[in-house]
Amino acid sequence: MIASRRELWLGRVLLVVLMLVTVMPFVSLFVTALHESGTYPPGLAWPEVLHWSNFATAFQSAQMGKLLVSSVLIELGVVPVALLIGTLAGFAIGHLRPPGGRWIFLAFLLGLTLPFEGVIVPLYYQIRDMGLLNTRWAIILPLIGLYMPFAVFWMRAHFVNMPDDVSEAARIDGATTWQLFWRIHLPLSMPALSSLGILMFLWTWNQFLLAVVLVDDPTKRTMAGALGAFQGQWGTDIPLLCAGSLLILLPTLVLFVVFQRQFVTALLQGSVKG
Amino acid sequence: MSQQRLDRTDADSREVTAPDAEAFERRRRALRARRLRRGWVAWALVVPAAAFYVVFVLKPIVLTVQYSFYDWDGVTAASWVGLGNYAKLLQDPELGGSIVHAFELILYFSFIPVALGLATAAIIRKFATSRISVVSRTVLFLPQIIPLVAAGIMWTWLLSTDGLVNQVLRAVGLGSITRAWLGDFHTALPAVGVIGAWVLFGLCMLLLLAGMTKIDPSLYEAARIDGAGAWREFFSITLPSLRQEVGVCLTVTVIAALASFDIVYISTQGGPGNATLVPGLEIYYLAFFQRQVGTASALAVALMLLVLAVVLPLQRLNRTGDS
């Protein structure tokens, strides 16, 4: 496409400005984290003495080690199970197409736009009656349920778009439904599965409402929930708060930089289909 | 789907000659048996997902509706009040105000990212594959992957009295308008909106950009030959082709605005006064601190219905864009 030189430069300048606006909050957070703990530095000023020790202090007072373990445990409880049962249901509705499948699918669609606040009150009493308050199960179990509309929607869309020829050929060769699923469809679904996995990983890691309502102990929460508690505790010590926030952001940022292409694809597709 | 199946059977039967009729009938019966068996397998595969969905989504939705008709403190026996809680939503300025705030946030969460995203994408579309725009794709995505809580903490700091925002304003000679943006009755809600706009802009811009790269370039060439300017080009070609993408952006951002919780909880807790109180936060306060479970549930029902009422019409826009 031909673009005039002026348009090109205008575009570049605009992009740089937008990137600056996006990155400046991170920079401000980082610079502030290096100031002496307990002081009130201005928003963006290079400290005379670099207080790297803030990170160590924040690591200890936020119990970062425990938080990481907790978040990983929650992820392990949510993502594999949700992926598996969401895929099974998506395969059933999208490929096997049982009588009445449309209605089941519509029932799942009902939950697609549900704001979590809409169900948080009864969820609290349900979880309490199950005796699961203040455990990681209080976050894991409801999240699996809350992800189902999207997971089923996503995987169904994938299986509906798979050409029938492949499965018919396998059927003629005498494949059972299980073999068809396990040997043929699953390997072909890896891109859809990995995108869904990334999305559910992010949503779980960043889940805040369920953590705040259902789990009091920050060391049994998700990362986002723990960050909320950390703010409550250290909200007045700005440099320490900034250091702690950065530490809590670090795992996501590292993962994002490593898998950025997959993340961007997943998030773009995720919102288009959602 | 069933239409397709019917057509196939019709075609089959036309090919069948009289002596084959019996064999055909047998085959059809076998097929039906297999479809039925497959139906059972399919139902079995849906069960785990459906079980989680029913227990942790559908049942709570029903319970929320049920709670909303009662006056309940969560401990002692509940008493039936009919639509009383809903009447409160209309009368109580605090409750009604939270809904109004949610709609005001749409302006910042939805319209700013979409409008700004359209403008930016239209400008950088022409060098979408160059290195700077590939880098920008990663950078502009950052706000999407961090927890909203982190965005809230960062911006609370940026918008504070000595924060970066005021520093910049002073540097450009606008020192007179500096203030604690999140603590001022008049600016708190827009300030919260700015945080949301920062989070959602990148996603919208990249979605719109992806849509623009799918537009047939010959359309633009034809427009240029006809002497259309940049404006004309944008409104006659780009915008109409992007209906679906705009619909998606609006859907995602409107839900984010109406159901906002994390950012407000971290940055203002609903204050100053009730200036930034949103339904999500009010449900949380009512149910878990003020022990008014019924009122909280009525607000939750209203919130769920509002989201549907706003989002469903947007989906129609998507579909007409498809055809």
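Q: Before we start, how are residues and chains labelled, and what counts at which pLDDT?
A: Residues are numbered from 1 along each chain as its sequence is written, and chains are lettered from A and ligands numbered from 1 in the order in which they are written. It's a predicted model, where local features need pLDDT of at least 70 and side-chain atom pairs count only at pLDDT 80 or more, while totals for chains, interfaces and linings use all residues.

Q: OK, what ipTM and pTM does the complex get?
A: The predictor gives an ipTM of 0.89 and a pTM of 0.86.

Q: And what does chain B average?
A: Chain B averages a pLDDT of 85, with 90% of the residues at 70 or above; pLDDT is the predictor's confidence in each residue, from 0 to 100.

Q: Where in chain B is confidence lowest, and where is it highest?
A: The lowest is helix H1 (residues 2-15) of chain B, with a mean of 44, and the highest is H13(B), at 94. Helices here are DSSP runs (H or I, at least four residues; strands are E, at least two), numbered from the N terminus. Residues 1-16 of chain B have pLDDT below 50, and beyond near neighbours in sequence this stretch has 3 contacts in the model. A contact means C-beta atoms, placed from the backbone, within 7 Å.

Q: Switching topic: where does UniProt put "transmembrane region" in chain A?
A: The unreviewed entry lists residues 12-34, 67-91, 103-125, 137-155, 192-215 and 238-259 of chain A. UniProt positions are in the numbering used here, feature names are shortened, and annotations may be inferred rather than shown by experiment.

Q: What do 12-34 and 192-215 look like in chain A?
A: Residues 12-34 of chain A are 96% helix and 0% strand, with end C-alpha atoms 32 Å apart. Residues 192-215 of chain A are 83% helix and 0% strand, and their end C-alpha atoms also lie 32 Å apart.

Q: Which residues of H4 in chain A are buried?
A: In H4 (residues 101-109) of chain A, Gly101(A), Ile104(A) and Phe108(A) are buried. That takes 20 or more other C-beta atoms within 10 Å of a residue's own; exposed is 12 or fewer, partly exposed is in between, and C-beta atoms are placed from the backbone.

Q: Why say they line one face?
A: Seen down the axis of H4(A), the buried residues fall within an arc of 65°, so they line one face of the helix. The arc is that of the directions from the helix axis to the C-beta atoms. On the other side of H4(A), Trp103(A) and Leu106(A) are exposed.

Q: What's the phi of Arg97(A), and where does the residue sit?
A: Phi of Arg97(A) is near 45°, positive in a residue other than glycine. Arg97(A) is in the loop between helix H3 (64-96) and H4 of chain A, and is buried, with 20 other C-beta atoms within 10 Å.

Technical notes:
Contact = placed C-beta atoms within 7 Å.
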